[in-house]
Amino acid sequence: MQTPGEFVTGQVRSVREKVDQLAGTVAETVAAEAQQVSTVRSQVGEYIREQRSAARVSLRELARTAGVSNPYLSQVERGLRKPSAEILAAIAKGLEISAETLYEQAGILDRRAGNPDTVAAIRSDDQLSERHKAVLLELYETYVREHAAASPTSTSTSTSTAPARIPAARPQTSEETA
């Protein structure tokens, strides 16, 4: 038979083991999340650097346009700092790209559905305004979602390669145009 002291000692030992086990799990989780945040910082920084280089804008010029210091922008590009949404929007404006693009790179917004190359092509088209790009991206994403929802099995069983027919536009009457 156990004495009350032995029982308490056993319970304390059991609790300590559980705490140590949970502390190890929490430490691993925190380390994994920190690594993920660091990776996102690096990705957004690399993306900003690539866009800045493509636009042939100097670090100093972009920092001035975005309203941040040169060292801060340099740290963002190297993945040492995580910029706020406001700073990302200012950087996007300085680079003349969509703020949404930077938000996605930084993990603030979920990535759009569909082929990333198609999304990138729409965003990079200089002939489109930001409003037109947003509308096209929304239409494209809606199509991709609807297509995926409507035909999860029909993609493998479909044999037709003919494009879907688009109904002809109804001519407007003189009353509608007035």
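This is a predicted model: local features need pLDDT of at least 70, side-chain atom pairs count only at pLDDT 80 or more; totals for chains, interfaces and linings use all residues.
Helices, in the sense used here, are DSSP runs of at least four residues, numbered from the N terminus. Buried residues make up 22% of its 178 residues. Among contacts with a separation of 6 or more, 46% are accounted for by residues 24 or more positions apart.

Helix α2 spans residues 59–66, and its axis comes within 9 Å of the axis of α3, the two crossing at roughly 105 degrees. Because of that angle, α2 is roughly perpendicular to α3. On the α2 side, the contact is made by Leu 59, Arg 60, Leu 62 and Ala 63, while α3 contributes Asn 70, Leu 73, Ser 74 and Glu 77. Sorted by class, this contact has four nonpolar, two polar and two charged residues.

One of these residues, Glu 77, deserves a paragraph of its own. Glu 77 lies in helix α3, which covers residues 70–77. Is this glutamate buried or exposed? Its relative accessible area is 4%, and since buried means under 20%, Glu 77 counts as buried. Leaving aside residues up to four places away in sequence, Glu 77 touches Gly 45, Glu 46, Ile 48, Arg 49, Arg 52 and Leu 59.

Which residues of α4 are buried? They are Ile 87, Leu 88, Ile 91, Ala 92, Gly 94 and Leu 95. These residues cover an arc of only 160 degrees around the axis, so they sit on the same side of α4. The face of α4 turned away from the buried side carries Glu 86 and Lys 93, which are exposed. Just after α4, Glu 96 takes a positive phi of about 60 degrees.

The partner to consider next is α5. Helix α4 (residues 85–95) and helix α5 (residues 99–106) pack with their axes 8 Å apart, at an angle of about 135 degrees. That angle is why α4 is described as oblique to α5. The crossing of the two helices is right-handed. From α4, the residues Ala 85, Leu 88, Ala 89, Ile 91 and Ala 92 meet Ala 99, Leu 102, Tyr 103 and Ala 106 of α5. By class, the contact of α4 with α5 has nine nonpolar, no polar and no charged residues.

Helix α6 can be described in a similar way. In α6, which runs over residues 116–124, the buried residues are Val 119, Ile 122 and Arg 123. They span an arc of only 95 degrees around the axis, and therefore lie on the same side of α6. On the other side of α6, Asp 117 and Ser 124 are exposed. What do the buried residues of α6 pack against? Their partners are α5 and α7, the latter covering 130–150.

Definitions and conventions:
Residues are numbered from 1 along each chain as its sequence is written. Side-chain values use heavy atoms; hydrogens and water are left out. Axes are lines fitted to C-alpha atoms, for helices over the stretch in contact, and angles run from 0 to 180 degrees between N-to-C directions. Angles under 35 degrees count as roughly parallel, over 145 as roughly antiparallel, 65 to 115 as roughly perpendicular and the rest as oblique. A crossing is left-handed if the near helix is turned anticlockwise from the far one by less than a right angle, and right-handed if clockwise. Contact means heavy atoms within 4.5 Å. Ala, Val, Leu, Ile, Met, Phe, Trp, Tyr, Cys and Pro count as nonpolar, Asp, Glu, Lys and Arg as charged, and the others, Gly among them, as polar. Buried means under 20% relative accessible area, exposed over 50%, partly exposed in between (1.4 Å probe, protein chains only). The arc is that of the directions from the helix axis to the C-beta atoms.
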